[in-house]
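Have the structure open while you read.

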Amino acid sequence: RALKKHNAQLSQRCREEVKLKIKEHEERKEAQEKVRTLGGRLSFLLNKMQSDEEAKIIQREEAKKMEAQLKSLAERCEELQRKVDETGESNRIITQAMRVKQEELQANQIRLDALQKMAEEREEDLKMENEPRPEDDADADPESKLAGGRLRFYVESKPALGLSLIKGKRSKDREWLESKDCNSFLKKVQKNPNIKDMLIQRIA
(Lines give C-alpha, C1' and ligand atoms only; values in the text may rest on other atoms or scores of the structure.)
Protein backbone atom coordinates (compact mmCIF):
# COMPACT_ATOMS: atom_id res chain seq x y z
CA ARG A 1 0.00 0.00 0.00
CA ALA A 2 2.84 2.38 0.67
CA LEU A 3 4.26 1.63 -2.76
CA LYS A 4 0.97 2.34 -4.39
CA LYS A 5 0.68 5.59 -2.56
CA HIS A 6 4.22 6.49 -3.56
CA ASN A 7 3.47 5.69 -7.21
CA ALA A 8 0.35 7.79 -7.09
CA GLN A 9 2.33 10.74 -5.74
CA LEU A 10 4.95 10.28 -8.45
CA SER A 11 2.26 10.15 -11.10
CA GLN A 12 0.67 13.28 -9.71
CA ARG A 13 4.02 15.07 -9.65
CA CYS A 14 4.79 13.94 -13.24
CA ARG A 15 1.42 15.25 -14.45
CA GLU A 16 2.04 18.56 -12.77
CA GLU A 17 5.53 18.79 -14.25
CA VAL A 18 4.15 17.94 -17.70
CA LYS A 19 1.48 20.63 -17.28
CA LEU A 20 4.15 23.10 -16.21
CA LYS A 21 6.36 22.21 -19.17
CA ILE A 22 3.43 22.50 -21.57
CA LYS A 23 2.54 25.83 -20.02
CA GLU A 24 6.17 27.02 -20.25
CA HIS A 25 6.31 25.85 -23.87
CA GLU A 26 3.13 27.72 -24.73
CA GLU A 27 4.34 30.83 -22.90
CA ARG A 28 7.71 30.57 -24.69
CA LYS A 29 5.93 30.17 -28.02
CA GLU A 30 3.68 33.13 -27.25
CA ALA A 31 6.72 35.17 -26.21
CA GLN A 32 8.53 34.24 -29.41
CA GLU A 33 5.44 35.26 -31.40
CA LYS A 34 5.38 38.58 -29.60
CA VAL A 35 9.10 39.00 -30.26
CA ARG A 36 8.54 38.32 -33.94
CA THR A 37 5.64 40.78 -34.00
CA LEU A 38 7.65 43.42 -32.21
CA GLY A 39 10.60 42.69 -34.45
CA GLY A 40 8.41 43.22 -37.53
CA ARG A 41 7.11 46.47 -36.11
CA LEU A 42 10.59 47.56 -35.24
CA SER A 43 11.81 46.73 -38.75
CA PHE A 44 8.87 48.65 -40.19
CA LEU A 45 9.63 51.64 -37.99
CA LEU A 46 13.32 51.47 -38.84
CA ASN A 47 12.53 51.27 -42.54
CA LYS A 48 10.07 54.14 -42.22
CA MET A 49 12.62 56.23 -40.35
CA GLN A 50 15.18 55.45 -43.01
CA SER A 51 12.68 56.31 -45.77
CA ASP A 52 11.75 59.55 -43.97
CA GLU A 53 15.42 60.43 -43.60
CA GLU A 54 16.04 59.71 -47.26
CA ALA A 55 12.98 61.77 -48.17
CA LYS A 56 14.28 64.62 -46.01
CA ILE A 57 17.66 64.40 -47.70
CA ILE A 58 15.98 64.44 -51.12
CA GLN A 59 13.83 67.40 -50.06
CA ARG A 60 16.90 69.26 -48.83
CA GLU A 61 18.67 68.57 -52.12
CA GLU A 62 15.64 69.75 -54.08
CA ALA A 63 15.39 72.83 -51.87
CA LYS A 64 19.05 73.60 -52.58
CA LYS A 65 18.47 73.16 -56.32
CA MET A 66 15.41 75.42 -56.21
CA GLU A 67 17.35 77.99 -54.21
CA ALA A 68 20.16 77.88 -56.80
CA GLN A 69 17.62 78.26 -59.62
CA LEU A 70 15.94 81.18 -57.86
CA LYS A 71 19.29 82.86 -57.35
CA SER A 72 20.18 82.32 -61.01
CA LEU A 73 16.82 83.70 -62.12
CA ALA A 74 17.21 86.72 -59.84
CA GLU A 75 20.66 87.43 -61.29
CA ARG A 76 19.25 87.02 -64.80
CA CYS A 77 16.42 89.43 -64.02
CA GLU A 78 18.88 91.97 -62.63
CA GLU A 79 21.01 91.65 -65.76
CA LEU A 80 18.00 92.07 -68.02
CA GLN A 81 16.82 95.08 -65.99
CA ARG A 82 20.29 96.60 -66.26
CA LYS A 83 20.25 96.10 -70.04
CA VAL A 84 16.77 97.63 -70.23
CA ASP A 85 17.99 100.64 -68.23
CA GLU A 86 21.06 100.96 -70.45
CA THR A 87 18.89 100.72 -73.55
CA GLY A 88 16.53 103.34 -72.18
CA GLU A 89 19.44 105.65 -71.41
CA SER A 90 20.88 105.07 -74.90
CA ASN A 91 17.49 105.81 -76.46
CA ARG A 92 17.19 108.97 -74.38
CA ILE A 93 20.65 110.14 -75.50
CA ILE A 94 19.87 109.29 -79.14
CA THR A 95 16.51 111.06 -78.92
CA GLN A 96 18.13 114.13 -77.39
CA ALA A 97 20.87 114.11 -80.04
CA MET A 98 18.26 113.77 -82.80
CA ARG A 99 16.28 116.66 -81.33
CA VAL A 100 19.42 118.84 -81.26
CA LYS A 101 20.25 117.86 -84.85
CA GLN A 102 16.66 118.54 -85.89
CA GLU A 103 16.83 122.00 -84.31
CA GLU A 104 20.15 122.62 -86.08
CA LEU A 105 18.63 121.44 -89.35
CA GLN A 106 15.65 123.75 -88.92
CA ALA A 107 17.93 126.68 -88.08
CA ASN A 108 20.11 125.92 -91.11
CA GLN A 109 17.00 125.63 -93.29
CA ILE A 110 15.80 129.03 -92.07
CA ARG A 111 19.22 130.54 -92.81
CA LEU A 112 19.25 128.86 -96.23
CA ASP A 113 15.78 130.19 -97.05
CA ALA A 114 16.85 133.67 -95.96
CA LEU A 115 20.01 133.48 -98.06
CA GLN A 116 18.06 132.22 -101.07
CA LYS A 117 15.58 135.04 -100.67
CA MET A 118 18.40 137.56 -100.38
CA ALA A 119 20.03 136.06 -103.46
CA GLU A 120 16.77 136.29 -105.39
CA GLU A 121 16.28 139.90 -104.31
CA ARG A 122 19.87 140.67 -105.25
CA GLU A 123 19.36 139.03 -108.62
CA GLU A 124 16.20 141.09 -109.15
CA ASP A 125 18.08 144.23 -108.13
CA LEU A 126 20.80 143.47 -110.67
CA LYS A 127 18.15 142.73 -113.26
CA MET A 128 16.43 146.00 -112.49
CA GLU A 129 19.73 147.89 -112.79
CA ASN A 130 20.27 146.40 -116.25
CA GLU A 131 16.72 147.22 -117.40
CA PRO A 132 16.07 150.53 -119.23
CA ARG A 133 15.38 153.34 -116.78
CA PRO A 134 11.88 154.92 -116.99
CA GLU A 135 13.32 158.42 -117.39
CA ASP A 136 14.85 157.25 -120.64
CA ASP A 137 11.50 155.96 -121.91
CA ALA A 138 9.23 158.54 -123.53
CA ASP A 139 6.14 156.44 -122.81
CA ALA A 140 7.01 155.76 -119.18
CA ASP A 141 4.76 156.83 -116.33
CA PRO A 142 5.60 160.43 -115.24
CA GLU A 143 5.64 159.54 -111.54
CA SER A 144 8.06 156.72 -112.26
CA LYS A 145 10.27 159.14 -114.12
CA LEU A 146 10.26 161.53 -111.17
CA ALA A 147 11.24 158.65 -108.83
CA GLY A 148 14.16 157.75 -111.04
CA GLY A 149 12.64 154.37 -111.82
CA ARG A 150 12.98 153.23 -108.19
CA LEU A 151 9.28 152.71 -107.48
CA ARG A 152 8.20 149.30 -106.12
CA PHE A 153 5.20 149.12 -108.48
CA TYR A 154 4.47 150.22 -112.01
CA VAL A 155 1.40 150.35 -114.24
CA GLU A 156 1.17 147.95 -117.13
CA SER A 157 -1.29 148.94 -119.87
CA LYS A 158 -3.12 146.36 -121.92
CA PRO A 159 -4.86 148.37 -124.68
CA ALA A 160 -6.25 145.28 -126.39
CA LEU A 161 -8.17 144.44 -123.22
CA GLY A 162 -8.80 148.02 -122.22
CA LEU A 163 -7.17 147.40 -118.86
CA SER A 164 -4.40 148.89 -116.75
CA LEU A 165 -2.84 146.59 -114.16
CA ILE A 166 -0.32 147.06 -111.37
CA LYS A 167 2.89 145.06 -111.45
CA GLY A 168 5.55 144.63 -108.80
CA LYS A 169 9.25 144.79 -109.49
CA ARG A 170 10.29 142.33 -106.80
CA SER A 171 8.86 138.96 -105.92
CA LYS A 172 7.76 140.14 -102.46
CA ASP A 173 5.96 143.08 -104.07
CA ARG A 174 4.20 140.74 -106.50
CA GLU A 175 3.24 138.49 -103.57
CA TRP A 176 1.81 141.51 -101.77
CA LEU A 177 -0.30 142.43 -104.81
CA GLU A 178 -1.62 138.88 -105.04
CA SER A 179 -2.43 138.75 -101.30
CA LYS A 180 -4.41 142.00 -101.63
CA ASP A 181 -6.10 140.80 -104.84
CA CYS A 182 -5.33 144.18 -106.43
CA ASN A 183 -5.40 143.27 -110.14
CA SER A 184 -8.57 141.19 -109.80
CA PHE A 185 -10.20 144.26 -108.26
CA LEU A 186 -8.84 146.51 -111.06
CA LYS A 187 -10.17 144.17 -113.76
CA LYS A 188 -13.56 144.28 -112.08
CA VAL A 189 -13.84 148.04 -111.56
CA GLN A 190 -12.51 149.00 -115.00
CA LYS A 191 -15.55 147.29 -116.52
CA ASN A 192 -17.91 149.14 -114.18
CA PRO A 193 -19.26 152.64 -114.93
CA ASN A 194 -18.89 153.56 -111.23
CA ILE A 195 -15.13 152.99 -111.31
CA LYS A 196 -14.33 156.23 -109.49
CA ASP A 197 -16.60 155.47 -106.53
CA MET A 198 -15.33 151.91 -106.29
CA LEU A 199 -11.69 153.04 -106.33
CA ILE A 200 -12.32 155.65 -103.62
CA GLN A 201 -14.15 153.11 -101.48
CA ARG A 202 -11.31 150.60 -101.94
CA ILE A 203 -8.65 153.14 -101.04
CA ALA A 204 -10.62 154.28 -97.99
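## Overall layout

Keep in mind that this is a predicted model. The chain's secondary structure amounts to five helices and two strands, and going along the sequence they come in the order α-α-β-β-α-α-α.

## Burial and surface

Of the 204 residues in the chain, 10% are buried.

As for contacts with a separation of 6 or more, 18% are between residues 24 or more positions apart.

## The α4/α5 pair

How do α4 and α5 run relative to each other? Helix α4 covers residues 182-189 and helix α5 covers residues 195-203; their axes come within 10 Å and cross at roughly 155°. Angles over 145 degrees count as roughly antiparallel, so that's the label α4 and α5 get.

On the α4 side, the contact is made by Phe-185, Leu-186 and Val-189, while α5 brings in Ile-195, Met-198, Leu-199 and Arg-202. Sorted by class, that's six nonpolar residues, one charged and no polar.

Take Val-189 of α4: setting aside neighbours within four places in sequence, Val-189 touches Ile-195, Met-198 and Leu-199.

## The nonpolar core

Which residues form the largest nonpolar core? There are five of them: Leu-165, Phe-185, Leu-186, Val-189 and Met-198. Helix α4 is the top contributor here, giving three residues. Met-198, also in this core, is one of the α5 residues in the helix contact.

Definitions and conventions. Residues are numbered from 1 along each chain as its sequence is written. This is a predicted model: local features need pLDDT of at least 70, side-chain atom pairs count only at pLDDT 80 or more; totals for chains, interfaces and linings use all residues. Side-chain values use heavy atoms; hydrogens and water are left out. Helices (H or I, at least four residues) and strands (E, at least two) are DSSP runs, numbered from the N terminus. Buried means under 20% relative accessible area, exposed over 50%, partly exposed in between (1.4 Å probe, protein chains only). Contact means heavy atoms within 4.5 Å. Axes are lines fitted to C-alpha atoms, for helices over the stretch in contact, and angles run from 0 to 180 degrees between N-to-C directions. Angles under 35 degrees count as roughly parallel, over 145 as roughly antiparallel, 65 to 115 as roughly perpendicular and the rest as oblique. Ala, Val, Leu, Ile, Met, Phe, Trp, Tyr, Cys and Pro count as nonpolar, Asp, Glu, Lys and Arg as charged, and the others, Gly among them, as polar. A nonpolar core is a set of buried Ala, Val, Leu, Ile, Met, Phe, Trp, Tyr and Cys residues joined through side-chain atoms within 4.5 Å.
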